[in-house]
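Student: I am new to this structure and would like to go through it step by step. Please show it to me.

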Amino acid sequence: MINEQELSHMDSLPGLTREDLKTLAHEFEELHLSPDNVLIHEGQEASGAFLILEGRVEAEKLLPGDIERLLVSTVSVGEWVGVVSLIDNKPATATVRAISASRVLAISRLTFNRFVQGERPVGIRFHRALLRSVAAQLGRVNKNVIGLRAAASDR
């Protein structure tokens, strides 16, 4: 089990109090992934949100008409995956796969919804922290997309 000390060093949980982190530490499940383990399958509902603690994880997408998956983004340590699918209740838009032995924290869909839909201050702060983190990731992914477009136009 993870403890609040380890969570307190994560940039992806800004604005949370020590007590918030202690509460969250009890809600997360620590997962150990082998290379090629899939956390999220494109087109399916994500079972939860996952915070990358160690290792390499990548998001891949199957574009219409393609038979091979396209690397969308490498997910860095300290970043979340699966959050958007939980927020919008839609199927995942990409497959997320471990590229190396990895360690992640998982928060189930049920627990996530209980936290972000409740009126408890910890839930509100957790939701804000997730949104800040996902916004930062979106900025990085947008830069990757621009690079992919430039590479595609050079073909």
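Student: In which strand is Ile40 found?

Tutor: This is a predicted model. Within it, the strand that spans residues 38-40 holds Ile40. That strand is E2.

Student: Is Ile40 buried or exposed?

Tutor: Residues under 20% relative accessible area count as buried. Ile40 has a relative accessible area of 4%, so the residue is buried.

Student: Which residues is Ile40 in contact with, leaving aside its neighbours within four places in sequence?

Tutor: Glu58 is 18 residues from Ile40 in sequence, and their C-alpha atoms are 11 Å apart in space. With sequence neighbours within four places left aside, the contacts of Ile40 are Ala46, Phe50, Val81, Gly82, Ala92, Ala94, Thr95 and Val96.

Student: Which residue is the bridge partner of Ile40 in E7?

Tutor: E2 pairs with strand E7 (residues 95-98) in the antiparallel sense, over 2 bridges. In E7, the residue bridged to Ile40 is Val96.

Student: Why is E4 largely enclosed by the rest of the structure?

Tutor: E4 pairs with E5 in the antiparallel sense over 5 bridges, and 4 bridges join E4 to E7, also antiparallel. As for burial, E4 has 5 residues, and it is largely enclosed because the number buried is 4.

Student: Which residue of E7 stands opposite Ala59?

Tutor: Elsewhere, Val57 has Val75 in E5 as its bridge partner. For Ala59, the residue opposite in E7 is Val96.

Student: What is the order of the other open sheet of 4 strands, the one with E1?

Tutor: Its pairing is antiparallel. The edge strands, which pair on one side only, are E1 (29-33) and E6 (80-81). The order is E1-E8-E3-E6.

Student: Which helix packs on that sheet?

Tutor: Strand E3 (residues 48-54) pairs with E6 in the antiparallel sense over 2 bridges. The helix touches E3 and strand E8 (102-108), and its direction makes about 60 degrees with that of E8. It covers residues 109-117 and is H4.

Student: Which element gives the most to the lining of the largest pocket?

Tutor: About 610 Å³ of space lies in the largest pocket. Strand E4 (57-61), E5, E6, helix H3 (83-88) and helix H5 (121-153) each supply at least two residues of its lining. The most, 5 residues, comes from H5.

Student: How many residues in the lining of the largest pocket are nonpolar?

Tutor: The lining has 24 residues, and Ala59, Gly82, Val84, Thr93 and Ala94 lie nearest the centre of the pocket. By class, 4 of the lining residues are charged, 5 are polar, and the nonpolar count is 15.

Student: What is the relative accessible area of Leu7?

Tutor: Leu7 has its place in helix H1 (residues 4-8). Not counting residues up to four places away in sequence, Leu7 touches Ile2, Leu13, Leu21, Leu24, Ala25, Phe28 and Leu105. Leu53 is 46 residues away in sequence, with 9.6 Å between the C-alpha atoms of Leu7 and Leu53. Leu7 is buried, and its relative accessible area is 1%.

Student: What is phi of Asp36?

Tutor: Most residues other than glycine have a negative phi. Asp36, in the loop between E1 and E2, has a positive value although it is a residue other than glycine. At 53% relative accessibility, Asp36 counts as exposed. Its phi is near 85 degrees.

Student: In which loop does Asn89 lie?

Tutor: Asn89 is not a glycine, yet it has a positive phi of about 55 degrees. With a relative accessible area of 52%, Asn89 is exposed. Its place is the loop between H3 and E7.

Note on methods:
Residues numbered from 1 in each chain as written. Predicted model: local features only at pLDDT ≥ 70, side-chain atom pairs only at ≥ 80, totals over all residues. Heavy atoms only, no water. Buried < 20%, exposed > 50% of the residue type's maximum accessible area, 1.4 Å probe, protein only. Contact = heavy atoms within 4.5 Å. Pairing = 2+ DSSP bridges. Axes fitted to C-alpha atoms, helices over the stretch in contact; angles between N-to-C directions. 1 Å grid on protein atoms, 1.4 Å probe; cavity = no way out; pocket = protein on both sides within 12 Å on 5 of 7 lines; lining within 4 Å. Points joined across faces, edges and corners; volume = space filled by probe spheres on them. Nonpolar A, V, L, I, M, F, W, Y, C, P; charged D, E, K, R; others polar.
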